[in-house]
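Welcome! Take a look at the sequence and structure below, and then let us walk through some of the details together.

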Amino acid sequence: MIKQKMWKIGGVKLLIGCFFLTAVILPLIQMLAGLKDADFGKIFSSPLVINGIINSVCVSLCATVISVILAFILAWCITRTGVRLKGLFRILLILPMLIPSISHGMGLIILFGSNGIITNFLGLSNGIYGFWGIVTGSVMYSFPVAFLMISDVLKYEDATPYEAAQVLGIPKSRRITAITLPYLRKPMINVIFATFTLIVTDYGVPLMVGGAYKTLPVVMYEEVIGGLDFSQGSVFGTLLLIPAVIAFAVDMLCKNRSNASTVSKRFDPGKKPFRDIVSYIILTVTSLAVSYPIFSFVQLTFAKRYPRDLSFTLHNIESTINKGALEFLGNSVLIAVFVSVLGTAAAFICAYFTARMPSKSSSLIHLLSITSLAIPGMVLGLSYVLMFKGSFIYGTFAILILVNSIHFFSSPYLMFYNSLGKLNRNLESVGLTLGIGRVRMIKDVLLPQLVSTVAESVSYFFVNSMMTISAVAFLATAKTKPVSLMINQFEAQVLLEAAAFVSLMILAVNLILKGVVALVKKKTAGGRKNAAEKTKNETGCYCNAD
């Protein structure tokens with residue numbers, strides 16, 4: 001019986017390996033095969049390329065530090081304070097991740113560009129272009145992802161060690177170094193690398209507000225897409241894969257020293273007026289700062305001709321719809337639904353093996369799972385063109401679903417990986433002793449405790465599939481075209497009003513999805529509590545176990 005189960009586990013791992021081989025490894029090999037035709041001397045002697053690499057590193061490091069610190073503060077305010085309206089604050093804080101990164105750049109131009117609303121109002125001579133413009137847009141684009149990952153980890157931390165430390169009279173500073181930091185160390189490493197790779201591989205914000213300050217993805221976009229130089233694109237793609245390799249090496253070296261346990265007691269923030277007032281101020285200021293550029297799209301949508309004529313009109317909406325916006329929106333929703341369901345299932349399965357069943361094969365799955373985060377969308381799209389051109393899925397919705405599932409796989413995977421790693425590792429052993437199989441343990445014990453993570457994963461896959469541009473630009477056809485590609489089309493035609501309306505359409509759909517997810521989480525909260533109590537009565541193991 002044990003051998004039979006081991007064969008089944010090995011078979012599932014083999015299927016996972018074949019999936020990643022087909023969807024990640026072979027396309028990358030196909031793309032990297034172009035390295036043999038690349039002129040390395042010419043590429044790395046180009047000041048444009050060298051400056052692009054240096055600029056990318058500088059911008060990404062600066063934006064990553066700001067994003068992670070900001071995300072940690074906000075996650076702490078949400079999970080460890082007594083502020084009210086947490087649901088509203090969460091919605092406002094994740095608004096930036098509901099629209100494409102290129103829209104963030106467009107929003108900054110509307111407000112702070114040379115003819116921006118705030119620029120003209122304050123009488124400023126220069127717009128927000130260059131280094132700080134890219135950093136600002138990158139922080140807006142990336143910190144919601146870091147916020148979700150950190151808050152997800154904080155939610156599963158057990159309050160019991162802190163209460164014991166308080167009873168023993170251990171100072172707060174010592175509690176932080178002895179309890180909090182060991183618990184957060186490995187998850188924070190994952191968050192930092194996830195945020196860095198998200199920023200360093202983005203081209204939307206730098207393309208819009210970078211000006212003469214070009215990052216490597218922008219150089220790649222201009223040189224490869226404009227010149228169709230795939231061999232040069234292979235070199236750039238290889239450079240942008242380096243952060244994922246470093247992330248895996250650091251992840252393997254930094255073992256998680258925290259005691260994995262189920263959450264026997266959640267934190268009770270209590271009433272601390274000064275702390276809560278400060279939290280309200282931080283949450284309110286940040287929410288307004290990140291949402292105002294997005295709300296500027298409303299003004300632009302109903303403007304006759306920005307910035308010369310801001311009088312009200314419905315022409316932009318009518319014109320955009322006549323160009324097929326609703327049909328393309330339907331395509332995007334169809335793709336996003338399949339990606340969210342299939343991607344979440346795949347992310348959970350992979351995270352279960354890597355977090356709950358560590359082995360050499362699991363380490364390989366972990367490497368493959370986090371590698372996809374570092375693959376730029378345009379690189380992934382080009383590699384899929386080279387790999388699947390002429391196949392039965394090329395030019396269909398299937399290839400768009402596949403490329404999006406891979407493109408956005410890593411962050412939901414890391415959410416599951418961090419959350420599963422914090423649950424009691426003895427649950428499966430005790431369950432097997434009592435004759436409870438892994439499938440039932442997953443269904444009745446693990447999943448009820450991960451409802452929030454599952455919901456966030458579905459939401460993440462959906463909203464990113466709705467707004468992605470780079471990954472699908474080379475794979476979409478006239479029949480399968482997502483609505484997000486219309487933003488590039490209108491931006492190239494300097495039709496910012498139409499592009500703003502498309503951004504609002506994407507935002508509206510994603511907000512509806514967020515609302516549905518919130519209702520599901522609220523409805524299942526009671527069921528999760530009952531399931532936990534039922535498991536405790538059946539197994540007697542719903543407690544800390546060393």
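Let us begin with one serine: Ser363 counts as partly exposed, because its relative accessibility is 26%, a value that falls between the limits of 20% for buried and 50% for exposed. Keep in mind that this is a predicted model.

**Ser363 and its helix**

- Ser363 belongs to helix H16, which covers residues 360–371.
- How far apart in space are Ser363 and Phe353, C-alpha to C-alpha? The distance is 9.1 Å, and the two residues are 10 apart in sequence.

**How H15 and H16 pack**

- Helix H16 packs with helix H15, and their axes are 8 Å apart.
- The angle between H15 and H16 is about 135°, so the two helices are oblique to each other. An angle has to be over 145 degrees to count as roughly antiparallel, and 65 to 115 degrees would be roughly perpendicular.
- The crossing in which H15 passes H16 is left-handed.

**A nonpolar patch on the surface**

- Which residues form a nonpolar patch on the surface? They are Leu334, Val337, Phe338, Val341 and Leu342.
- Together, these five side chains' residues have about 430 Å² of accessible area.
- Val337, one of the patch residues, is found in helix H15, which runs over residues 325–356.
- Val337 has a relative accessibility of 38%, so this valine counts as partly exposed.

**A loop residue with a positive phi**

- Leu85 sits in the loop that joins helix H3 (47–79) to helix H4 (86–94).
- The phi angle of Leu85 is near 60°, which is a positive value in a residue other than glycine. Most residues other than glycine have a negative phi.
- Is Leu85 buried or exposed? Leu85 counts as exposed, because its relative accessibility is 56% and the limit for exposed is over 50%.

**Salt bridges**

- How many salt bridges does the structure hold? There are 3 of them.
- One of them joins the side chains of Glu456 and Arg90, with 2.9 Å from N to O. Glu456 lies in helix H22 (residues 451–467) and Arg90 in helix H4, so this pair ties together parts that are 366 residues apart in sequence.
- Both Glu456 and Arg90 are buried. For Glu456, the relative accessible area is 7%.
- Glu456 also forms a salt bridge with Lys514, where the closest N and O atoms are 3.9 Å apart. This pair links distant parts of the chain, with Lys514 in helix H24 (residues 496–539) and Glu456 in helix H22, 58 residues apart.
- Lys514 counts as buried, because its relative accessibility is 11%.
- Asp276 is buried, because its relative accessible area is 10%, whereas Arg275 counts as partly exposed, at 21% relative accessibility.

Definitions and conventions. Residues are numbered from 1 along each chain as its sequence is written. This is a predicted model: local features need pLDDT of at least 70, side-chain atom pairs count only at pLDDT 80 or more; totals for chains, interfaces and linings use all residues. Side-chain values use heavy atoms; hydrogens and water are left out. Patches are made of residues with over 30% relative accessible area and no salt bridge: like charges are joined within 9 Å, nonpolar side chains (Val, Leu, Ile, Met, Phe, Trp, Tyr) within 5 Å. Accessible areas come from the Shrake-Rupley method with a 1.4 Å probe; for residues, only the protein chains shown count as cover. A salt bridge is a side-chain nitrogen of Lys or Arg within 4 Å of a carboxyl oxygen of Asp or Glu. Helices (H or I, at least four residues) and strands (E, at least two) are DSSP runs, numbered from the N terminus. Buried means under 20% relative accessible area, exposed over 50%, partly exposed in between (1.4 Å probe, protein chains only). Axes are lines fitted to C-alpha atoms, for helices over the stretch in contact, and angles run from 0 to 180 degrees between N-to-C directions. Angles under 35 degrees count as roughly parallel, over 145 as roughly antiparallel, 65 to 115 as roughly perpendicular and the rest as oblique. A crossing is left-handed if the near helix is turned anticlockwise from the far one by less than a right angle, and right-handed if clockwise.
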